[in-house]
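Let's take a walk through this one together, from the place where the chains meet to the details inside each of them. Have the viewer open and follow along.

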Amino acid sequence: MPVVPQSFAMGEMLAVLLARDMADGEKAIVGTNSDIQVAACNLARARHAPHLWWVSGPGGMTNPTEGIIRPAADAENIAVAQAVMDLPLMIDFIDWQIHFFDFAILGALQTDRFGNINTVCVGDHAKPRLRGPGTVGISALCGLSKRFYIMMTRHDRGAFVPKVDFVCGAGHMTGGSSRTDAGLPEGGPSLVVTPLGVFDFEPASKAMRVRSLHEGVTIDEVRDNTGFDLLVPDKIESTLAPDAEELFVLRRAVDTTGVLPAKFPWPKAN
Amino acid sequence: MKTSSGKIVDLATALAAVKDGMTVGIGGWIFHGQPMALIRGLIARGVRDLTLVPAPGSVAPDMLIGAGCVKETACVFISFEHLGLAPNFRRAAQSGAVKVLEMDGPGIAGGLRAGACDLPYGLIPDLGTDLPKVNPNGYRKARVQEGSRPLLEVPAIKPDVLLLHGQQADEEGNVQYFGAGYFDLLMAQAAKHVICSVDRIVPSSTVRQSARLTKIPSAFVDAIVVTPFGAHPGCSPGLYDQDEAHLKTYVAASRDQKSFDSYLDAFVRNGGGEPAYRDKIGAQALAALTSGGAAP
């Protein structure tokens, strides 16, 4: 995947792009293996959204902040949290309550034209070509939060497929009003961030649409790496790269040990 | 060790409660609090045909599956996170050797609550996923009133035996956690028999000094096994980190069944139990995990 050399890592860029879309006072949830998500939430809190509230889904720690990005379930988060909740109580608002969370940020093995999510299997479920980790809270977060972000650290035809092989998180389902017709609350995916660009969903059809491409990325390259037809606006915006101030706060206040550049460099050109 | 409550027992005594064909719950969360000494003990005993109900986990369900002890497993989430997919679970699921009962967070939460409350099933929202298609017994369309959100019935989960790992316990069987409790207490309420390994035993006065750390009060535990480094190669929050080097060895050894059998013969089926396992890992390697230097 050819990408222009940048002064920031892919993980840093994804964190900055996500953080920009978060608003002050919103409520969010972060899963176990979520370095970019933790960085995005803490970056938003350190800049424009000081009252953003986020909770570790498995561990129950709220707003843990110490300038080091740790796995959200780790006990070390307890000493730097505002509260520690127990999972058997948290399930009320994670698995049942409608719109408690403003947003969640989810990765996937596959996503599709309408932003449905698959982390279960590639191929037939009874005899999969690739057995994934499973659903955990993704079904509830996609189904019940006000919106969700899809964060993909790879953008290729294996990950961006016409229809996911297994729906474990409902996005805009089959497009149009299908999501609310199925009895799900308003919501669904709002943005998709990838190493190539930022994507949203056209309001009527709910089909994925190009919002902006990162510096040096062409629309042909995106089409070559996407397994379905994206909606493309007449004029394609260029993604505003992380600026010096965003990177300064990210590196000096949020990720002081450099977890993001170590774990999420740009994919190598092939 | 002989104690007044009689709950602190040796590994073999505790694991005698697990019979072939039982439904076995596993607590913890991914690499946190995986009850590995209990898992290794079950493998060494050669228990067969288990149905697993693991909380989101990693090496505990994966090792039991790779050792051929499992007939079917619920899967809410089984992952090695940054180390990749769970290798033995993946191989068994892809070949069809182990039947996978696909579940999600609401399914296990609703099922455990129903189990803990002696209700036949729990009600969860229908979230528009494919789960009911592949697990029709686990997710049944519920009858709802006109205008209600669509709901699913999930049958009560009541494991025959539950395996947990905590950091320390007193002789009455109060189990303390230095990290989060995850689903462990809810699972203990739902299970018929609870076995918990702990890294160490402490005086009752130590427990009383910090009673907020007691996540599993003694009434919810049937047997406690004291096994230092009993969560290795996973982490025991607050005591030792996960052993990245050994987990990588494990993943490499899991490339095929023959290779994984050699791993099990070397580390688990050598007749020496946990003392031999700790010797094999090595005192220096174990000590390094307690330094806090590995995280984050």
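**Where the two chains meet**

Chain A and chain B bury about 3,800 Å² between them, and 62% of that is on carbon and sulfur atoms. Buried area here is the accessible area (1.4 Å probe) that two parts lose on being put together, summed over both. On the chain A side, A:Trp96, A:Arg131 and A:Val136 lose the most area to chain B, together 19% of what that side buries. The contact draws 46 residues from chain A and 49 residues from chain B, where contact means heavy atoms within 4.5 Å.

Before going further, a word on the ground rules: this is a predicted model, in which local features need pLDDT of at least 70 and side-chain atom pairs count only at pLDDT 80 or more, while totals for chains, interfaces and linings use all residues. Residues are numbered from 1 along each chain as its sequence is written, chains are lettered from A and ligands numbered from 1 in the order in which they are written, and side-chain values use heavy atoms, with hydrogens and water left out.

Now for the polar side of the interface. There are 19 residue pairs in polar contact between chain A and chain B, both residues at pLDDT 80 or more. A polar contact is a pair of N or O atoms within 3.5 Å; within protein, one must be able to donate a hydrogen and the other to accept it, and residues adjacent in sequence count only if both atoms are side-chain atoms. The two chains also share three salt bridges, a salt bridge being a side-chain nitrogen of Lys or Arg within 4 Å of a carboxyl oxygen of Asp or Glu. Take A:Asp92 and B:Arg113, which form a salt bridge with their closest N and O atoms 2.5 Å apart.

Which parts of chain A each supply at least two residues to the side that touches chain B? They are α3 (87-96), β9 (130-131) and α4 (138-144). Helices (H or I, at least four residues) and strands (E, at least two) are DSSP runs, numbered from the N terminus. The largest share of that side, six residues, comes from α3(A).

**Charged pairs inside chain A**

Over all chains, the salt bridge count comes to 23. One of them joins A:Glu246 to A:Arg20, with the closest N and O atoms 2.8 Å apart. A:Glu246 sits in helix α7 (residues 244-254) of chain A and A:Arg20 in helix α1 (residues 10-20), so this pair ties together parts that are 226 residues apart in sequence. A:Glu246 is buried at 4% relative accessible area, while A:Arg20 is partly exposed at 29%; buried means under 20% relative accessible area, exposed over 50%, and partly exposed in between (1.4 Å probe, protein chains only).

A:Arg47 is in the loop between α2 (35-46) and β2 (53-56) of chain A and A:Glu245 is in helix α7, 198 residues apart. Salt bridges that share partners join A:Arg20, A:Arg47, A:Glu245 and A:Glu246 into one network.

Over in strand β13 (residues 197-201) of chain A you'll find A:Asp200, which is buried at 8% relative accessibility. Its side chain makes a polar contact of 3.4 Å with that of A:Arg211.

Switch to chain B and look at helix α3 (residues 59-66): eight of its eight residues are buried. Among them are B:Asp62, B:Met63 and B:Leu64. The helix is followed by B:Gly68, whose phi is positive, near 80°.

How many disulfides turn up over all chains? The search finds zero, with a disulfide taken as a pair of cysteine sulfur atoms within 2.5 Å. The sulfur of B:Cys75 is 10 Å from the closest cysteine sulfur, in A:Cys121, so it is too far for a bond. B:Cys75 is buried, at 0% relative accessibility. For B:Cys235, the closest cysteine sulfur is 15 Å away in B:Cys196, also too far for a bond.
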